[in-house]
Amino acid sequence: MSKADFLKQFDSIAALFPIQGKARAAIHNGLDFPTTRDEYWKYTRVAPIVSTDYKQHAPDLNSVADFEIQDGEFKTLVFVNGVYNSKLSDTMPEGVEVHSIAHASGEAKNEMLEHLGAYVSDKNHAFNALNTSYFVDGAFIKVKEQTEVSDPIRILHVSHGEKQATNSRNLILVGKHAQVSFIHQFEGKENDGAFTNALMELVVEEEANASYYLIENEGEQTSHINTTQVVQKRSSTCSVVTVTKTGKLVRNNLNFSITDQGCESNLYGIYFTSDQQHIDNHTYADHQMPNCNSNELYKGVMADRSTGVFNGKIMVHRDAQQTNAFQSNQNILLSDRASVNTKPELEIYADDVKCSHGCTIGQLDEEALFYLQSRGLGKQEASHLLVRAFASEVLELIEVPELRSDIERFVERKFDKVDA
Amino acid sequence: MPYTEAELAEELKGKKYEFGFVSNFESDKAPKGINEDIIRLISSKKNEPEWLLEYRLNAFKQWKSMQEPEWAHVDYPPVDFQDIYYYSAPKTKKRLNSLDELDPELKSMYDKLGISTEEQKRLAGVAVDVVIDSVSVETSFKDKLAELGIIFSSFSEAVQEHPELVRKYLGSVIPSNDNFYAALNAAVFTDGSFCYIPEGVRCPMELSTYFRINEAQTGQFERTLVVAEKGSYVSYLEGCTAPMRDENQLHAAVVELIAMDDAEIKYSTVQNWYPGDEDGKGGIYNFVTKRGLCEGRNSKISWTQVETGSAITWKYPSCVLKGDNSVGEFYSVAVTNNYQQADTGTKMVHIGRNTRSTIISKGISAGRSNNSYRGLVKVLPKAANARNFSQCDSLLLGSSCGAHTFPYIEAQNSTSKIEHEATTSKIGEDQIFYCLQRGIDEEKAVSLIVNGYAKEVLNKLPMEFAIEAQKLLSISLEGSVG
């Protein structure tokens, strides 16, 4: 299928904002979808995604059923096939303003348009441009200055219907001194062959503290491309945890733009793959100013014929003296047909810095397995225990207990069928 | 050979690039530019067999359809490949049997290079092959080596005397269409060294080649081929220098190593091509393809390099670990100062079972230079129990330089273990302070710390080279403190 044919299926979507028209022009002329010849997409083939005839199903509210996180008391915003549903959504706590991107009006709209698309580039990024061109809706969340939100805010995206294609566009502004956490949960129902292209711009103002949990669970037969752009202002803290539960082809681009001094940035993730899954995590920590710290920890377990990809880049600009940037990526291969490609990069132009990256690829420790077996555990049981222990280092960093338990359960179940 | 710091300090006084002299001996040059006629000319001058000419022409054809690689983290104006002399040879009238017959100009150049052959003979340690402007002018100790069945000669001599060996192995590790510069080299290479160690022979001395670019506007394209048969061992050294010139000169070499069952090749390089002046003017473009093939079981190839020269270095000495239990090693120190740019590293491709590789890379950047490590560790599905350890450290001296790491790790086997580690930092203020309060001034302290930092790699060099390398490190970093 040619690019023009692929794009044609979206052209009936009305453009809401001028930026959409611009992006459409760019993507129709010249801007091509990446191939494995592009360094940035070297290990991930997106041709199957961009040569499929997708559908646009009308939102079916019955599809939003059992996506609760056990015991979780969260204020939830619900989006079905990308469209906001106010009936199913909760009222937000004080100090948190929520608008549907498509229906924001008045001052909120002006403010939104000031930020929308200001932090991500469509140039050279065809999937960003695709998102900008054809998004129909999304969440615009504004957390006011000095607001401390105790319970996490949950953004639930449900994709349903076969071959549903959704471009979801979101914007979060966290005001000065505010403290808040978000769970961005992507779920799916009866949606084999679906494709979601999600883009989030998250701006963390001075001295604010934001946590963002990205949970991808749209179904075994779906594709997901996610771009999360974080912008940090002076002395802010931001943690992003990415957990990919299901998805046949998942690509996450997580970019941190650290624009002022005294910031703390945390990038954590787990990718446990089985069958023929392909999960790709690209991260970019862009240190532009001095005295900032970034920590990164990504862990992956690959079974069956699956593939894991990790590419973490730390960029330290000339002015960013006294930067501490640490990155670690650890992988376990459970099968000879599984593979992992990893590329931890450092690009450093300042001298007074401490930067490091470490990367390991290996298997479960035979001695530990033997120890557990000698204590009466079956081999399968023993290896599951070790996999859980391996994951726990990341799981411990999840500060929402209900979410942590939920992901622990996922890890326990994930390799039930796998003969490790 | 004790070498004290006081001596080093004495030597360093006012020391710049010391090999920047030009020797005025007559040379035989082909016209500028590259085309089929030039290739035919080179081939006929060398009196080459038909198959080699074919090989060259074929490579030239492939080269014409290839693009210059742009992925490296280096920046330079495009090279005009038609503005280069592809053939320049010092005029020697006849073949020489002893040093006394040598052109006095040529001989004094050797002396300046510090490889006076007499001295080498006295030390009785190293057999040297000297390559000037891509033509091999002299090989010492040849007879002694021949007694053991070792062939160590210039490439063109080997083509004449052992065409069957050259034909068998030439291009077997690096095919002529491997990359842009390898193809260019395959088309126009003029000379180089050939080394063949027969089965079961342990080469009793270090073999060594000195490369020197002398003529202006010439490119140097030499070709080295080392074959170690079953159970043999050889240690091979390579040194490089060039005169100081305002223009950029091209050096595109190809080195192929082949190790059979139980064989071991140790290949050490001290690269000190002219790096350009303080404003980044002039200097050598060093675009080199080096690859070793561990063909046999239990074979081992070890690369050690000290890279201090060249305006631009683009070089990835690699190991293809094909034989079961084979071992690949890469030890590197790369120093960049002023406007130098280096993009260097290695590739370790694990094909056989129980293959092991080690990568130790130490980058040191000063001035306005950029120093990148780029490496690939690839474990194929059949490489059970493959093991890799990589460590890439970067040291930054000064706030205008850059240090970068681009490691690619691709694993397709669940019994393999791969570890990669990289750090970037500057010299600790506490370390400097410690030296200062012990009465060691800052410049010396930096030199001391840098040498300590690079020790892990320098230790792998044969002794004569290790001393030279230490000196080079200090010279390269001259003036980068404060």
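Begin with both chains selected: 20 residue pairs, both members at pLDDT 80 or more, are in polar contact between chain B and chain A. A polar contact is a pair of N or O atoms within 3.5 Å; within protein, one must be able to donate a hydrogen and the other to accept it, and residues adjacent in sequence count only if both atoms are side-chain atoms. This is a predicted model, in which local features need pLDDT of at least 70 and side-chain atom pairs count only at pLDDT 80 or more, whereas totals for chains, interfaces and linings use all residues. Residues are numbered from 1 along each chain as its sequence is written, chains are lettered from A and ligands numbered from 1 in the order in which they are written, and side-chain values use heavy atoms, with hydrogens and water left out.

Next, select β23 (402-411) and β24 (417-426) of chain B; each gives at least two residues to the side that touches chain A. Strands are DSSP runs of E of at least two residues, numbered from the N terminus.

Strands pair if DSSP finds at least two bridges between them. Within this pairing, A:Thr342 has B:Ile409 as its bridge partner.

Then display the side chains of B:Lys426 and A:Asp352, which form a salt bridge at 3.9 Å, N to O.

How values were computed
Salt bridge = Lys/Arg side-chain N within 4 Å of Asp/Glu carboxyl O. Helix = DSSP H or I, 4+ residues; strand = E, 2+ residues; numbered from the N terminus.
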